[in-house]
Amino acid sequence: MTLDLPKYKTTDEVDFVVIGSGAAGGIVAKELSTNGFRVVVLEQGPYLTEKDFVHDEIKVLNQDLLTNHPSLQPNTFRKTPNDKAKQQRAIAYGRLVGGTSTHFTANFWRFHEIDFHERSKVGAVAGSTLSDWPITYADLEPYYTKVEWEIGVSGQAYASPFDPPRSKPYPMPPLPTKSSGVIFERAARKLGWNPFPAPMAILSQPRPGRSACINCGFCLAFACEVGAKSSSLATAIRMAEKTGRCEIRPNSYVHRIELDANGRATGAVYFDEKRNVQRQKAKAVVVCANGAETPRLLLLSANKQFPNGLANSSGYVGKNLMFNSGALSVGVFEHPLNDYKGFAVSRILHDFYELDPDKVGFHGGGGLDARFDTTPINFALGMLPAGTPRWGKGFKDVLSHNFTRTVEILCHGTSLPVENNSFSLDPELKDAWGLPALRMTYKDHPDDVKLSNWLNARAAELLDAAGAQKSWSFPAGEQEFSVHLLGTCRMGNDPKTSVINPDHQTHDVKNLFLCDGSSLVTSGRGQPTMTIEALAFRASDRITALAMRGDLNV
Amino acid sequence: MDCNTSRRGFLSQTLTGISAAWISANWPAMLSAATHAREASQSASPAKFEFFSPEQAVEVEAISARIIPTTDTPGAREAGVVFFIDRALVTFAKDNQKMYTEGLPAVQARVRELFPGTDKFSAATAEQQEQVLESLDEQSSGGARRPFRPLVGAQSFFEAVRVDTVMGFLIDPASDKKGNRDGVGWKVIGRENEHMFQPPFGYYDKDYPGWQPIPATADKAKT
């Protein structure tokens with residue numbers, strides 16, 4: 001079937017221009033177009049489809065087939081505002097239609113109630129801007145359910161005693177249990193913990209136009225060739241196009257949002273594929289460009305009224321960047337697991353989601369998962385135990401033995417928000433379009449590093465209990481690279497300490513909305529995409545309500 | 001499924017091995033797999049060298065064959081790693097051309113230095129070759145760092161050849177990179193060269209009875 005896809009003129013004032021087509025942008029586009037609005041989605045990357053997705057590690061990982069390319073869009077990094085930033089790749093995000101959701105691991109658990117009101121519960125944390133969300137888990141619950149059913153999440157409801165309440169079970173059963181999952185489950189139960197089937201945004205059963213997971217094994221960092229991974233590309237974008245009211249415009253790199261004399265956004269200014277400047281007119285603008293590019297766009301859009309960046313009267317645009325803390329332990333087992341087959345994760349546990357700061361000596365919490373997400377070249381170059389020969393027969397012997405017998409225990413946890421941790425515009429470095437490059441300033445809150453190492457000790461215990469023949473842990477240090485880009489335009493009721501209100505409307509510009517990882521007030525305990533998507537469904541409802549009330553002149 | 005199965009035979013193998021219901025559920029996937037198989041068959045024939053002279057190719061192949069030697073299983077030589085590197089140097093790794101053209105004579109100089117009378121790396125004995133590479137390897141044991149992505153730009157010629165050899169040995173054989181010929185690299189590490197798999201995957205999930213609720217939550221546990 002060929003769809004009759006709309007093509008809007010840039011001079012045609014559409015109802016909404018959505019900037020970014022990833023986890024949030026795809027859903028916002030789908031919801032708003034379904035609700036009858038005319039929508040243009042501007043995506044900086046290309047429109048690739050299943051036929052373009054390959055298992056070629058060099059093309060995908062080294063050559064950034066799916067991701068931002070550091071030679072075109074370089075960035076700089078520094079630990080603190082007192083340091084001079086150096087050019088160093090600090091972020092990777094999906095730069096294509098579907099965004100990072102095309103290549104994510106697809107861990108899709110919900111945030112827990114604590115994540116929304118941790119500040120009230122634990123009190124102030126020194127060195128952190130930890131705040132409560134202006135919304136609660138209960139506000140978001142219907143939208144989590146919507147993600148599970150409309151986008152497609154496999155899982156086992158009520159399997160974890162720590163899970164927050166839910167209004168509906170999952171729409172389909174969990175994915176198969178991998179050998180790593182069995183090992184993890186048995187060892188965790190031996191230790192008295194509560195492992196459960198990982199909720200994954202990967203289909204365990206086929207849906208119209210989409211295959212169930214075929215367990216090809218090139219999953220994390222790769223895009224799915226069969227539509228089984230519930231990316232925006234495989235789901236929301238296609239639903240948006242089916243409405244006949246939504247145009248997805250790839251290769252459109254937005255670099256400025258302009259205001260009219262009344263302080264209302266007039267649309268988006270972007271470079272097209274030939275680097276000509278275009279202006280798409282729209283009655284309202286929704287920025288879903290991710291936790292790095294959304295604040296960058298606002299900072300690039302500084303004007304007379306907002307000299308420090310559009311919608312930045314709070315000074316909080318770009319601030320409070322959070323990654324999620326993490327650490328890794330690895331075990332090698334007697335028999336082949338063949339964990340290279342299939343998606344990455346089949347078992348997780350959340351026994352440590354809410355740790356008692358008085359007992360452990362730090363704030364936050366997290367979980368463990370059992371996974372194998374390392375493709376052959378990466379494995380050979382980075383996942384052999386220390387002391388393994390780097391070449392020759394000894395290298396080949398260990399590589400041959402370990403590839404099918406290795407399991408990773410990944411720890412995922414809190415990043416406390418720290419005001420200095422931020423994205424800003426680099427004063428010197430420019431991207432290939434001549435725009436100021438992103439500058440990341442990031443130093444983990446000391447509690448995050450303590451948490452990671454505490455969780456990693458639990459991972460090591462688990463590998464011991466599992467009877468690993470050999471195991472080792474990578475000590476967690478301060479992070480300098482992330483794919484989770486959170487908190488940089490946080491939501492709040494107070495315009496002095498937040499950028500958007502609970503409707504995702506910027507406090508400063510009434511027809512400008514932001515929704516993506518930048519909206520998060522806390523980091524959860526890892527795996528933020530589920531929450532970003534639930535927020536996108538909710539934001540779409542709120543924006544639609546405002547539009548229906550006449551607030552947006554759409 | 002036997003990893004010797006050619007990709008051409010992939011569909012027929014699969015069709016006899018699994019249920020019709022599963023096939024219909026996964027039909028889009030199989031079409032995709034068929035596309036891959038077609039691409040793979042097109043890229044199967046070894047080509048002439050595009051960058052290396054025949055003499056250079058012999059030297060690079062000899063070095064790669066020390067990095068991943070042929071033992072009771074195939075090594076870099078059988079995987080056609082030298083063809084992969086040759087292709088890399090005229091495509092995605094053009095920046096490394098100089099490193100190779102300048103690095104090879106440097107290796108040969110080291111051969112002459114250690115073993116006077118021997119001019120070429122490929123002319124040295126296996127033990128001599130190992131000694132030459134030992135002398136070039138700046139790191140005696142592997143660092144335990146987990147890379148998000150391997151780096152093409154390596155710090156020294158030896159390091160470049162080492163990384164390129166690993167890549168050429170383990171790259172998806174269906175890619176256009178000319179490495180991992182016939183999937184022998186994957187065979188060595190135990191990775192079946194197939195585009196889809198069904199559980200059970202390995203030893204530990206073979207007899208797994210399925211997830212059972214923990215008693216305390218059993219009353220709530222239903223999908």
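Q: What makes the radius of gyration of chain A agree with that of a compact globule?
A: In this predicted model, chain A has 554 residues, and a compact globule with that number would have a radius of gyration near 24 Å. Chain A has 22 Å, which agrees. Along the principal axes, the C-alpha atoms of chain A fill a box of roughly 70 × 55 × 50 Å.

Q: How many of the residues of chain A count as buried, and what does a residue need to be called that?
A: A residue is buried if 20 or more other C-beta atoms lie within 10 Å of its own. Of the 554 residues of chain A, 62% count as buried.

Q: Which contacts in chain A join residues at least 24 apart, and what is the secondary structure of the chain?
A: Among contacts between residues at least 6 apart in sequence, 74% join residues at least 24 apart. Chain A has 12 helices and 17 strands.

Q: Why is helix 5 of chain B called largely enclosed by the rest of the structure?
A: Nine of its 10 residues are buried, so helix 5 of chain B is largely enclosed. The buried residues are B:V81, B:V82, B:F83, B:F84, B:I85, B:D86, B:R87, B:A88 and B:L89. They pack against helix 4, helix 6 (97-114) and helix 8 of chain B.

Q: Why is helix 5 of chain B called roughly perpendicular to helix 8 of chain B?
A: The axes of helix 5 (residues 81-90) and helix 8 (residues 157-170) of chain B come within 8 Å and cross at roughly 110°. Angles of 65 to 115 degrees count as roughly perpendicular, so helix 5 of chain B is roughly perpendicular to helix 8 of chain B. The crossing of these two helices is right-handed.

Q: Which residues meet where helix 5 and helix 8 of chain B are in contact, and what are their classes?
A: From helix 5 of chain B come B:V81, B:F84, B:I85 and B:A88, and from helix 8 of chain B come B:D164, B:T165, B:G168 and B:F169. By class, this contact has five nonpolar, two polar and one charged residues.

Q: What makes up the contact of chain B with chain A, and which helix of chain B gives the most?
A: The contact takes 59 residues from chain B and 69 residues from chain A. Among the helices of chain B that each supply at least two residues are helix 3 (27-42), helix 4 (54-67) and helix 7 (126-136). Helix 8 of chain B gives the most, with five residues. The side of chain B that touches chain A has 34 nonpolar, 13 polar and 12 charged residues.

Key: Residues numbered from 1 in each chain as written. Chains lettered and ligands numbered in written order. Predicted model: local features only at pLDDT ≥ 70, side-chain atom pairs only at ≥ 80, totals over all residues. Axes fitted to C-alpha atoms, helices over the stretch in contact; angles between N-to-C directions. Helix = DSSP H or I, 4+ residues; strand = E, 2+ residues; numbered from the N terminus. Parallel < 35°, antiparallel > 145°, perpendicular 65-115°, else oblique. Left-handed = near helix turned anticlockwise from the far one by under 90°. Contact = placed C-beta atoms within 7 Å. Nonpolar A, V, L, I, M, F, W, Y, C, P; charged D, E, K, R; others polar. Rg over C-alpha atoms; globule rule 2.2 N^0.38 Å. Buried ≥ 20, exposed ≤ 12 C-beta atoms within 10 Å, placed from the backbone.
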